[in-house]
Each structure stands twice: as C-alpha cells, then as structure tokens.
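Biologist: Hi! Could you walk me through this protein?
Modeller: Happy to, let's bring it up.

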Amino acid sequence: DAAVDVTVDADGRVRDVLLVKSIDAVHGLDDAALASAGRWVFKPGTLDGKPVPVRVRLAMSFSAR
C-alpha cells in the first residue's frame, strides 16, 4: 500500500500532496497514487463550526483486474 499525505483546504479540495510510503516507483504506481489523491474532494474539517485546512494521511492500494 502507498501512503500519501495531503492538506484538505477549507473548500474540501486537496493541496500539498506528498508521497510518504512508496508502492512502486518503477512502473508508475507512485505517480498514479499522487495523481489520484490530487483529484479527491472531501467534506472539509471544521473548528468551532468553521471550515479549516486539515493535514491527513491517505492509505492507497492497487489491484490488477
């Protein structure tokens, strides 16, 4: 499994994508994990009822079909 750290902005969009655990740099799976994480949209975190940026770690696994 790959691990990717991202910042989820107050609008729920992903920013500052960083690979923290490689799954495969040779065949492009690390690049796929980074690209995929950058397209995700989340419900933003809140503090005192207001949206705030939050740093989170995403675990990503791939399978062949």
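Modeller: This is a predicted model, and the protein averages a pLDDT of 94, with 100% of the residues scoring at least 70.

Biologist: Nice! Which elements have the lowest and the highest mean pLDDT?

Modeller: Helix α1, residues 29–39, has the lowest mean at 94, while strand β4, residues 50–52, has the highest at 98.

Biologist: Let's look at Ala33. Where is it?

Modeller: Ala33 sits in helix α1.

Biologist: Is Ala33 buried or exposed?

Modeller: Ala33 is buried, because its relative accessibility is 0% and the cut-off for buried is under 20%.

Biologist: And what does Ala33 touch, leaving out residues up to four places away in sequence?

Modeller: Ala33 touches Ala2, Val4, Met60 and Phe62.

Biologist: New topic: how many salt bridges does the structure hold?

Modeller: There are three. In one of them, Arg57 pairs with Asp5, and their closest N and O atoms are 2.6 Å apart. Arg57 belongs to strand β5 and Asp5 to strand β1, so the pair ties together parts that are 52 residues apart in sequence.

Biologist: How accessible are Arg57 and Asp5?

Modeller: Arg57 is exposed, with a relative accessible area of 55%, whereas Asp5 is buried at 13%.

Biologist: Which residues does Arg15 meet in salt bridges?

Modeller: Arg15 meets Asp9 at 3.0 Å, N to O, and Asp11 at 3.8 Å. Through these shared partners, Asp9, Asp11 and Arg15 are joined into one network.

Biologist: How accessible is Arg15?

Modeller: Arg15 is partly exposed, at 36% relative accessibility. Asp11 is partly exposed at 49%, and Asp9 is partly exposed at 22%.

Definitions and conventions: Residues are numbered from 1 along each chain as its sequence is written. This is a predicted model: local features need pLDDT of at least 70, side-chain atom pairs count only at pLDDT 80 or more; totals for chains, interfaces and linings use all residues. Side-chain values use heavy atoms; hydrogens and water are left out. pLDDT is the predictor's confidence in each residue, from 0 to 100. Helices (H or I, at least four residues) and strands (E, at least two) are DSSP runs, numbered from the N terminus. Buried means under 20% relative accessible area, exposed over 50%, partly exposed in between (1.4 Å probe, protein chains only). Contact means heavy atoms within 4.5 Å. A salt bridge is a side-chain nitrogen of Lys or Arg within 4 Å of a carboxyl oxygen of Asp or Glu.
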